[in-house]
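Me: Could we go through this structure together? Please start with how the surface is computed.

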Amino acid sequence: MNKPKNQILIVDDEPDIREVLELTLGRMNLETRSASNIDEARHLLEDYKFDLCLTDMRLPDGNGIELVRHIQEKHPYLPVAVITAFGNMETAVAALKAGAFDFVSKPLDLNDLRNIVRSALRVGQSQAVRTTTGEDIEPPDSGTGVRKMLGESVAIQKVRAMIERLARGQAPVYIAGESGTGKELAARLIHELGPRADKPFVPVNCGAIPESLMESEFFGHKKGSFTGAVADKDGLFKAADGGTLFLDEVGDLPLSMQVKLLRVIQEKSVRPVGAQIEIKVDVRVLSATHKNLHDLVAQGKFRQDLYYRLNVIELMLPPLRDRVEDISLLAEALSRKLADSMGMKSPGLTQDATEALQRYAFAGNVRELENILERALTLCNGTEINAQDLQLQIDADESEAETVMGSKESLDDYLERVERATIEKALAQTQQNKTAAAKLLGISFRALRYKLEKLGIE
């Protein structure tokens, strides 16, 4: 039995353009219906079921964005791709903000068009599966620990709904939030729930790349293009081709690199260092930083044009203090993950431990919660974690806090220092007898060995 063909709605007032689109899509084994204006398109949408709408931006009875908004309201799972005038990025960005899946510029590049159509159809198919099966947006854990956006609070439910909507499109997304709120997790979910899920997800910490190596790392280089370039190298954009590039701490990019990044995003092509020609890349860009990009723009430290290109849609992640009702669920899941990695049975949290966590401020959000629980696992009796094991009063001690703030010590470094001191004290009390030290700490020998290796304690 032949599979029914996908149905495409073409909206354009130029007969020549409609003919090109109909021929191109027909060769892709797709069926098309055409409209020359918004009114005709609305009638066709009422009468037929489509898998994709491809519309021009300039129409006789209105703007293509009006049609995008109409479809978002009446047919929210129908992907819309818009055709824009060459170089008119403002219009393209406006369409993406309105809910368009993607855009293609005139004169039409038929390869780009085919890629957009294939991606849009995959979005529609994956959405149909989730709608039919009732599947939510929490994918399998896949062996990497807590890989879900856990929680039942109103704040996190809104985030999950937004992630699901963002996964259907191709617009650049800027993920905002404090350190430790799960920005990379949100980016991974957007990737895994979208049409690029079977392609690479490439995360990069922009603040960790030396400025002198940035162009090579992002765009690649040719052999012999500079001292040390002993072979051709694909950059991060090429590594993410077909998939998603996640630019974490994008606010750390120097201005010289911001100019080059903007051009690559606009042109969808890269030129490796030492190369004579540009290479086409198909990459969705997601970005994040714990800094306030708007303030950086006002200070002249971040280009306004790049800011608007990256921040087409903003996803704000709530701090843990705004979702207190989720702390118990998160603590249980993180404890199971940590205990498994340490080779021990997961201890439960006592009522007083849970209540202590719910009263705590969590400046470091979920990451700090994980660090606190990791330390508590080394101090607990092996069967349960109580409030004393959490050592929250030690963390909140004013003199310690002043020391941390004064030295500009990071939260992770501070927690590691406390943990190291606790273990070293136990080893000293037992004359370096690790078995006895583990017993004194109330943990298994295997758990202590894990900690010693992690902290580099001989």
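Reply: Accessible areas come from the Shrake-Rupley method with a 1.4 Å probe, and for residues only the protein chains shown count as cover. By that method the chain has an accessible surface of about 22500 Å², 49% of it belonging to carbon and sulfur atoms. The model is predicted: local features need pLDDT of at least 70, side-chain atom pairs count only at pLDDT 80 or more, and totals for chains, interfaces and linings use all residues. Residues are numbered from 1 along each chain as its sequence is written, and side-chain values use heavy atoms, with hydrogens and water left out.

Me: How many helices and strands are there?
Reply: The chain has 21 helices and 16 strands, counted as DSSP runs (helices H or I, at least four residues; strands E, at least two) numbered from the N terminus.

Me: Is Ser335 buried or exposed?
Reply: Ser335 is buried, at a relative accessible area of 1%; buried means under 20%, exposed over 50% and partly exposed in between, with a 1.4 Å probe and protein chains only. Ser335 belongs to helix 13 (residues 327-341).

Me: Which residues does Ser335 touch?
Reply: Leaving aside residues up to four places away in sequence, Ser335 touches Ser346, Pro347, Leu349, Leu373, Leu377 and Ile385, where contact means heavy atoms within 4.5 Å.

Me: What share of the chain is buried?
Reply: Buried residues account for 48% of the 458 residues.

Me: And what share of contacts between residues at least 6 apart in sequence join residues at least 24 apart?
Reply: The share is 69%.
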